[in-house]
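Subject: Structure for you to look at

Hello,

Here is the structure I said I would pass on. Please open it alongside this email and follow along.

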Amino acid sequence: MNATLRILILVLLKTVFLAGMIAWHGVVLHTGTPVLLRTEPLDPRDFFRGDYVILTYEISRIDMNGIATDAERFRDGQRIYVLLEPDAEDGYWTARAVSAKRGRAPEDAVWLRGRVTHALNHVAREPDGPHAPAQRRLWVAYGIESYFVPEGTGRDLEDLREQQRLGIEVAVSHLTGRGVIRAVLIDGERVYEEGLLR
Amino acid sequence: MRLPGYLGRLKTDLDRWIAKGLVPAENRAAIIADAEAHQPQHSLSAILVILGVISLAAGAMAFIAANWTVIPKIGKLAIMFAALWGSFALAAMQITRGHPFFGHAALLLAVLLFGVNIMLIGQIYHIDAHFPDGVMIWALGALLAAILMNSQPALAAAMILGVVWTVMEVTGGGTVFHWVYLPFWAVTALLQHKQRWKAGFHLVVLSATVWMTVNTATLADYLNWGSAETLGLLTIKWLAIWSMARAMGEIGYPFATGLQRYALAFMLVGFFLLQMVTPERGIDYIWLGLSGLSGVLAVLLLLLGMSGRTLGIADLPATIAIVIAAIAYPFATAIDTALLGWLYAGLFIAVTIWLMSNGVRFRDGFTVNIALAAFGVQVFYVYVSTFGTLLGNAAFFITGGIILIALAFFIGRLSRRLGEERARGKAGGAP
């Protein structure tokens, strides 16, 4: 096999991989279930870092009390699925269940894939002990925590966020539960909409 | 690898060999001309080209960071793929036209651009995926290029990216023991061995060192081991690798000496640092199992690597003593700290003396030198941590002086014995 042929194989394999990344994103973007998530910045000063926005959602920190689950405990780094359902009042989706496996979602609900970044599994041994049951929480990353913005526009968005509500519309794959950002909404209005090639 | 002073040394050696009649004087000019002709031609060009390639890749990354908005996504993707294909095309062109050096530089650019493109697609589509996975794909791409093109720059990139991947995976949380890296590392080591690439050997050893250290530390954190357990286990592992390198040398592995030296240096560092931490806990069976297994391996490999002919009288006891000391140290909570310090210092000094004798026996200057350095550091450590009064200092210097003189006498005897053995060997017609 000569050098040119070997390089062609490399070009083909790498191109297929990169094109696959794009194509798979496109499939989820266009066929995924649209889910509206409320953002919850922990520290406004850190909200915009450089030219991308760090997004923290309500569902990024899940208080396990009142949440259905099929697992005793979760560990850091574990892949999980969070069942989301829309709130009848404002249309934002909230977590209803957490599972290590992706089951069949009820109608008007969707399983969103995530990874546990930190699990607090403490269960109280004494009624008033330091490890109360309320401390059973999960911190979860869904791969939709970064939103790249045009250079210099971060501050404008931050000001808008201060005045109005910031929401993110996510498309969730029916096949894998993976979520991709589809639109950024300020006070219910779409300010950025994502296309595959534009 | 020829160093800048190589030609100078060769000329000096040649003159000596000619004077002794070992080399005919008329061959001198031809030997020098041949050596000059085989000097690396591209040493400076290589550095400049590699720096240029890294600079180009860094420029591409900065281009991403700028997140320019004038160009639509399709334009960005077109630029991205054009850059990747262009660098591959350049590589193919240079290699087929008989310029492998520039061809491999272009290939390295393509390898780096592949990673830049992964990040770019991540940026365009706001993908905030598990970052080490992206680095893993990048490293695999580099490895594939190294395999298909037999490329040393691509292999170096693969090894460095592999280390970044495993460190990120382990330190990022969630992974206790990143065994998935091992097959990747094994392939890089095989490629390096196949290419007989000396600089690559250092990368192979250093990447394994980083992997082993980071994973042992994470495992220690997960299983709640103390510093003494972590250092003890690392020391025994390096001792086992040292023994393994001896065995590999016996079967003709060309980089056995280098591996042996790395292992010895890291083993001594671990063994030295062990005495600086306080033993603080009881028996942990997992740790005991791992340490015991590594210790048994160290002894077995020593026996395998040093056949009856080369196995010195102190080699086996010294190896066993290090293993036992490293295993026992974390559990020595009942022993008085000062007494433990003295016992340990004595053992460490005994180990350095054994290594000196070992180095003299195998005519290995590195082992002798590193053992001498370790001896000096240990003596200094004992001085700093134990003595403070003038009387104490006096006792220290007198004791130290006696030990040093005894050591010199011991090494002198060893050297004489070695010289006599060699003389007997020559007289008996042995090689």
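Below are notes on a strand, some salt bridges and a pair of helices.

This is a predicted model, in which local features need pLDDT of at least 70 and side-chain atom pairs count only at pLDDT 80 or more, while totals for chains, interfaces and linings use all residues. Residues are numbered from 1 along each chain as its sequence is written, chains are lettered from A and ligands numbered from 1 in the order in which they are written, and side-chain values use heavy atoms, with hydrogens and water left out.

Start with strand β7 (residues 93-99) of chain A. Helices (H or I, at least four residues) and strands (E, at least two) are DSSP runs, numbered from the N terminus. In β7(A), 6 of the 7 residues are buried, so the strand is largely enclosed by the rest of the structure. Buried means under 20% relative accessible area, exposed over 50%, and partly exposed in between (1.4 Å probe, protein chains only).

Two strands pair if DSSP finds at least two bridges between them. Strand β5 (residues 68-69) of chain A runs parallel to β7(A), with 2 bridges, and strand β6 (residues 79-86) of chain A runs antiparallel to β7(A), with 6 bridges. A:Ala97 in β7(A) stands opposite A:Ala68 and also opposite A:Leu83.

Next, the salt bridges (a side-chain nitrogen of Lys or Arg within 4 Å of a carboxyl oxygen of Asp or Glu). One joins A:Glu85 and A:Arg96 at 3.3 Å, N to O. A:Glu85 lies in β6 of chain A and A:Arg96 in β7 of chain A, so the pair ties together parts that are 11 residues apart in sequence. A:Glu85 is partly exposed at 25%, as is A:Arg96 at 37%.

A:Arg182 and A:Glu169 form another, with the closest N and O atoms 3.6 Å apart. Here A:Arg182 is buried at 15%, and A:Glu169 is buried at 10%. Both belong to a network of salt bridges that also links A:Arg190 and A:Glu193.

Last, chain B. The axes of helix α5 (residues 100-124) and helix α7 (residues 152-171) of chain B come within 8 Å and cross at roughly 30 degrees. Axes are lines fitted to C-alpha atoms, for helices over the stretch in contact (heavy atoms within 4.5 Å), and angles run from 0 to 180 degrees between N-to-C directions. The two helices are therefore roughly parallel to each other; angles under 35 degrees count as roughly parallel, over 145 as roughly antiparallel, 65 to 115 as roughly perpendicular and the rest as oblique.

Regards
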